[in-house]
Every structure is written in structure tokens, then in C-alpha cells.
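Please look over the structure shown below before reading on.

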Amino acid sequence: MSSSNDAHDAHDDDHDAHEGSPQPSQPRSTDDAILDAAAELIVHLGVRRTQLSEIARRAGVSRPTVYRRWPDVRAVIGALLTREIGATQATVRLAGEDRAAFVDGVVEVAVRLRDHPVLGALLRSADSDTLFEYVVERLGTSQRGLLEALQAGIEQGQAHGSIREGEPVELAAMVLLIAQSTVQSHRMVAALLPEAAWRRELARALDGYLAS
């Protein structure tokens, strides 16, 4: 006897099989539907209450459909962070003709990531280990993308003569650490560093580090 879940799985398998086929008005992909559902749950319920079964329900897919892509909630969150950080980075041009333009771009990316609803929810979460695993303890896909963009901007600034000499990837790694730690610690010093001061002092820290 077939259950409704079996029918749902069969429908999902059929949907998966047709993913990638050109459609005149193709909806968002299954991957994006799952990640969007995870983002909504993290923002509104928090990390601890975000369950894989609820992600599947909200995305309108079966649990096996999610499991075929990611083994658990942490893996879903890792993929979500990669997508969101990459999309945020893509909205800002990090490379510029000189150091000032590069620093402005890094500060803007930092602000947008700091204010991102999903990252904000993770920073506020009692389950901070999830964020630390994907942002602090290892170099993830999203961070590698940021590093590549930072390295390109630094190389351009070095060619211009306004960024000091040094191995671009090493300078990029330190810029990432400075910006990342500033974003993560924002709430702790918010009363001491209002918005304008936060931006100004981050820019000064980066500018001083990169100055010739």
C-alpha cells in the first residue's frame, strides 16, 4: 500500500529528474528552495529549532530529497552560508584603482555581511559552534571566494602603487581576518562604536595595514 509520503517522494524524484531542463518560466531550483526554507527557519526560529524535516516541509520537498543533497542541518547551513556570502560579495566591487577604493569596498562588504539576516541570526544564536565551524575553524568555500576577490583587489592596488609590497594572498588573508573579527565582535562593542565610528575605524585599520 502506498503512503502519501511515497507519492510525495515519487513526485520529488520526478521533479529532480527534470531539474536543469529549460523551462519557459522555471521556478527556483530545488536546492534554492531548500536553502531558502533553511534561511527562513534560522531567522525566525533560530538554529537550535531548525530541523531537517521542517526544512523539507517548508521547501515543499520530501526529506529524502534533502538528504540526497546534504546529510544534516549543519551541511545545509554550510551551503546556505556559501550561497549568501557569495551573493553578498557579488554586490560590491572589491577591486579599485587605489587603496582607498579597495578599503571602501571591503568595509561595504563587511557591513552587508554584518547586517545580513541569516548571518545575524547565527551570530546571535546560542549554538555558536555552527557559525564557528563554518566561519572560524576552517576555510570554507565562501571564504575562499572572498580571499580570491581580496587578492585581486590587492594586486591591483599594488600595481597602482598605493598598497604596500607583500605576498597578495598573505595580505588578503589578514584583511579577511581583520574584517571578519570586526563583524563577529560588532554586538559586543556596539554601545562604544556607533555605526559611523565602526565604519570609520574599520577603514582606518585596513588602510593602515595596507599602506605603503
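**The end of a helix**

Helix α3 is followed by Gly 60, whose phi is positive, near 80°. This is a predicted model, in which local features need pLDDT of at least 70 and side-chain atom pairs count only at pLDDT 80 or more, while totals for chains, interfaces and linings use all residues. Residues are numbered from 1 along each chain as its sequence is written, and side-chain values use heavy atoms, with hydrogens and water left out. Helices (H or I, at least four residues) and strands (E, at least two) are DSSP runs, numbered from the N terminus.

**Helix α3 and its cover**

- In helix α3 (residues 52-59), the buried residues are Leu 52, Ile 55, Ala 56 and Ala 59, where buried means under 20% relative accessible area, exposed over 50% and partly exposed in between, with a 1.4 Å probe and protein chains only.
- Seen down the axis of α3, these buried residues fall within an arc of 95°, so they line one face of the helix; the arc is that of the directions from the helix axis to the C-beta atoms.
- The cover over the buried residues of α3 includes α2 (30-45), α4 (63-67) and α5 (73-90).

**Two helix pairs**

- Helix α6 (residues 99-114) and helix α9 (residues 141-160) pack at an angle of about 160°, with their axes 10 Å apart; axes are lines fitted to C-alpha atoms, for helices over the stretch in contact, and angles run from 0 to 180 degrees between N-to-C directions.
- Helices α6 and α9 are therefore roughly antiparallel to each other (angles under 35 degrees count as roughly parallel, over 145 as roughly antiparallel, 65 to 115 as roughly perpendicular and the rest as oblique).
- Phe 102, Val 106 and Val 109 of α6 make the contact with Leu 146, Leu 150, Gly 153 and Ile 154 of α9, contact meaning heavy atoms within 4.5 Å.
- Helices α5 and α7 (residues 117-124) pack at an angle of about 135°, with their axes 10 Å apart, and are therefore oblique to each other.
- On the α5 side, the contact is made by Ile 77, Leu 80, Leu 81 and Ile 85, and on the α7 side by Val 118, Leu 119 and Leu 122.

**A loop residue**

- Ser 162 lies in the loop between α9 and α10 (168-184), and at 12% relative accessibility Ser 162 counts as buried.
- Not counting residues up to four places away in sequence, Ser 162 touches Asp 98, Arg 99, Gly 157, Leu 210, Ala 211 and Ser 212.
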